Amino acid sequence: MIFTRFASPLGEILLCADPAGLRQLILTAEELTDPEGARRDDDALIDAREQVLAYLDGRRRSFSLPLAPGGSDFQRQVWAALLRIPWGETRTYGELARRLGREGAARAVGAANGANPLPLLIPCHRVVAASGLGGYSGGLALKRRLLEMEGSLPG
């Protein structure tokens, strides 16, 4: 496992990867220690860093990076659905559940959304509640900021 840390407009970001791809992105990682057993390799993850920074700077709307988030089959289905939500659009938890053929599984979709180990790269911030923002692992202020940046903050 390798990792990098870098400053961003959101605070320090920590990215972890292995040969299969990116495994984890942690926002506002200032308080975190380096991942145990991993070695820092800023050069190996320079493309990922540059793509994340370009997104946060408004110069990029999608990513072309190898992702390897792990997770259960259901979580991976939800995360794949998140990748299909275009920049500047949102979906509700219930809408996403219906699109997955899981009517009534909005809470399960929300739980999978919250377990996303690659926020930004797998855009879980684009999923909102039917009557509000819903939750976000990085906090609601950050979710609001990301949706405003994409021009998709709900009413």
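Me: Why is Cys16 called buried?

Reply: Its relative accessible area is 3%. Buried means under 20%, exposed over 50%, and partly exposed in between, with a 1.4 Å probe and protein chains only. So Cys16 counts as buried. This is a predicted model, where local features need pLDDT of at least 70, side-chain atom pairs count only at pLDDT 80 or more, and totals for chains, interfaces and linings use all residues. Residues are numbered from 1 along each chain as its sequence is written, and side-chain values use heavy atoms, leaving out hydrogens and water.

Me: How do you know whether Cys16 is in a disulfide or in none?

Reply: A disulfide is a pair of cysteine sulfur atoms within 2.5 Å. The structure holds zero disulfides. For Cys16, the nearest cysteine sulfur belongs to Cys124 and is 16 Å away. Cys16 is therefore in no disulfide.

Me: What does UniProt list for Cys124?

Reply: The unreviewed UniProt entry lists Cys124 for "active site". UniProt positions follow the numbering used here, feature names are shortened, and annotations may be inferred rather than shown by experiment.

Me: Is Cys124 buried or exposed?

Reply: Buried, because its relative accessibility is 3%. Cys124 sits in the loop between helix H4 (106-114) and strand E6 (127-128). Helices (H or I, at least four residues) and strands (E, at least two) are DSSP runs, numbered from the N terminus.

Me: Which residues is Cys124 in contact with, leaving aside neighbours within four places in sequence?

Reply: Leu82, Asn113, Asn116, Pro119 and Tyr136. Contact means heavy atoms within 4.5 Å.

Me: What makes E1 and strand E2 (residues 11-18) a pair?

Reply: Two strands pair if DSSP finds at least two bridges between them. Seven bridges join E1 to E2, so they pair, and they run antiparallel.

Me: Why is strand E1 (residues 2-8) called largely enclosed?

Reply: Six of its seven residues are buried, so the rest of the structure largely encloses E1.

Me: Why is Pro69 called partly exposed?

Reply: Pro69 has a relative accessible area of 22%, so it falls in the partly exposed range. Pro69 is in the loop between helix H1 (46-56) and helix H2 (73-83). Not counting residues up to four places away in sequence, Pro69 touches Leu22, Arg23, Trp79, Pro117, Leu118 and Ile122.
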